[in-house]
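Please keep the structure in view while reading.

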Amino acid sequence: MYAERVLSGMRPTGRLHLGHYHGVLKNWVKLQESYPCLFFVADWHALTTAYDSPEVIADSVWDMLIDWLAAGVDPEKATIFIQSRVPEHAELHLLLSMITPVGWLERVPTYKDQQLKLAHKDLATYGFLGYPLLMSADILLYRADKVPVGEDQVPHVEFTREAARRFNHMFGREPGFEDKAREAVKKLGGKNSKLFEELRKRFQQEGDGAALEQARTMLNEAKSVSHVDLERLHGYLEGSGKMILVEPGALLTEAARMPGLDGQKMSKSYGNTVFLREDKDSIVKKIRTMQTDPARVRRSDPGDPEKCPVWQFHQIYSDESTRKWAQEGCRSAGIGCLECKQPVIDGVLAEQAVMCERAKPYEEDPALLRRIVAEGDDRARVLARETMRDVREAMGLSYR
């Protein structure tokens, strides 16, 4: 079927901080070594909640892109682009909205949750209600089969799978599909053709998931079958039709461990952040003034690292011997809090130094960054147009 492909995006809503780096960007850097990746600036998504202050989006886009590159995202290995520069996102969103039940949107778990969290904003808009469908369009447009998400975002991927399944069921049937599919089965070879039919029957009549996976593996390994016939065979196997939109899978990522300066989750709204590419003196001041275990009123008072936000930073930035030193020194009052913080300061500054060095060419030459993004926009549009050609044809919109 379609090639493996990873897609992920980030909304431009302000400066990025260490939470973004450890929660998202480090994973992107790792993924680009193993898969074809597309990473996009989700500026239309940002408008779903910041529609009344678009200047925040405009001010954030280019700084955010520099942060991505500073973190190690490589434009030679991944396609970097801006969502609004690929209008096919909006077109697919519109076409999917014609067949998506409103109830599907209303039951997305984050819909009511975000309304409560952002109660100060008027979110009684279609843009906010429909953002999960726009997210689905983002994914389906590139036939991405892998979407890196945390557990709280898995429902969005499942929603996308349902949207793809509904579209394929409604529009994936071509004239003479059954006959063409049976002819395609024969191309698997005598032994494999018989096995495929047995597996298909077990899945469709008995719901045998293992049979489905075995048949999918067989198709993925078929070398002598054309791309078009493989699409038909996947649809024939699953009881739908020609697969036009690919159902994605959630690529679960570890929950971000990056705490804020106060021990809560790092967030701009809490005022507990260390920003990417932040000034050295500012970083030192922030970490040196971090709160510690309240039991350590005096230098001679022993403390408990588990109750100290600095210890959480040690778990990220310190090696095993340094963590042991911090644990023992805190519990015995053998070291003071400022001493304990110094390895963390050194670790953060070392990490930031590498990022600042990577960011320098783009800060000094903004045209370089814009060229990279323009090339990424072009590559993304090629993939998007391929999908939309098939979508329009399936929906009877390819008029001559």
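## Strands, helix contacts and one arginine

In this predicted model, strand β4, residues 146-149, is covered on both faces. Lys146 and Pro148 are buried on one side, and Val147 and Val149 are buried on the other. Which strand is joined to β4, and in which direction does it run? The partner is strand β5, residues 249-252; four bridges join the two strands, and they run parallel.

The table lists their axis distances and angles.

| Helix pair | Residues | Axis distance | Angle |
|---|---|---|---|
| α10 and α13 | 177-186 and 227-238 | 9 Å | about 110° |
| α15 and α17 | 309-317 and 337-364 | within 9 Å | roughly 45° |

Helices α10 and α13 pack at an angle of about 110°. Angles of 65 to 115 degrees count as roughly perpendicular, so α10 is roughly perpendicular to α13. On the α10 side, the contact is made by Phe177, Glu178, Lys180, Ala181, Arg182, Ala184 and Val185. On the α13 side, Asp229, Arg232, Leu233, Gly235 and Tyr236 take part. By class, the residues of this contact divide into six nonpolar, one polar and five charged.

Helices α15 and α17 have axes that cross at roughly 45°. The crossing of α15 and α17 is left-handed. Helix α15 contributes Val310, Phe313, His314 and Tyr317 to the contact. From α17 come Cys340, Lys341, Pro343, Val344, Gly347, Val348 and Glu351. The classes in the contact of α15 with α17 are seven nonpolar, two polar and two charged residues.

The last item is a single residue. Arg379 is found in helix α18, residues 366-394. Is Arg379 buried, partly exposed or exposed? Its relative accessibility is 36%. Buried means under 20% and exposed means over 50%, so Arg379 counts as partly exposed.

Which residues does Arg379 contact, leaving aside its neighbours within four places in sequence? Arg379 is in contact with Pro75, Ala78, Thr79 and Ile80. Glu91 can also be placed relative to Arg379: the two are 288 residues apart in sequence, and their C-alpha atoms are 18 Å apart in space.

Key
Residues are numbered from 1 along each chain as its sequence is written. This is a predicted model: local features need pLDDT of at least 70, side-chain atom pairs count only at pLDDT 80 or more; totals for chains, interfaces and linings use all residues. Side-chain values use heavy atoms; hydrogens and water are left out. Axes are lines fitted to C-alpha atoms, for helices over the stretch in contact, and angles run from 0 to 180 degrees between N-to-C directions. Angles under 35 degrees count as roughly parallel, over 145 as roughly antiparallel, 65 to 115 as roughly perpendicular and the rest as oblique. Contact means heavy atoms within 4.5 Å. Ala, Val, Leu, Ile, Met, Phe, Trp, Tyr, Cys and Pro count as nonpolar, Asp, Glu, Lys and Arg as charged, and the others, Gly among them, as polar. A crossing is left-handed if the near helix is turned anticlockwise from the far one by less than a right angle, and right-handed if clockwise. Buried means under 20% relative accessible area, exposed over 50%, partly exposed in between (1.4 Å probe, protein chains only). Two strands pair if DSSP finds at least two bridges between them.
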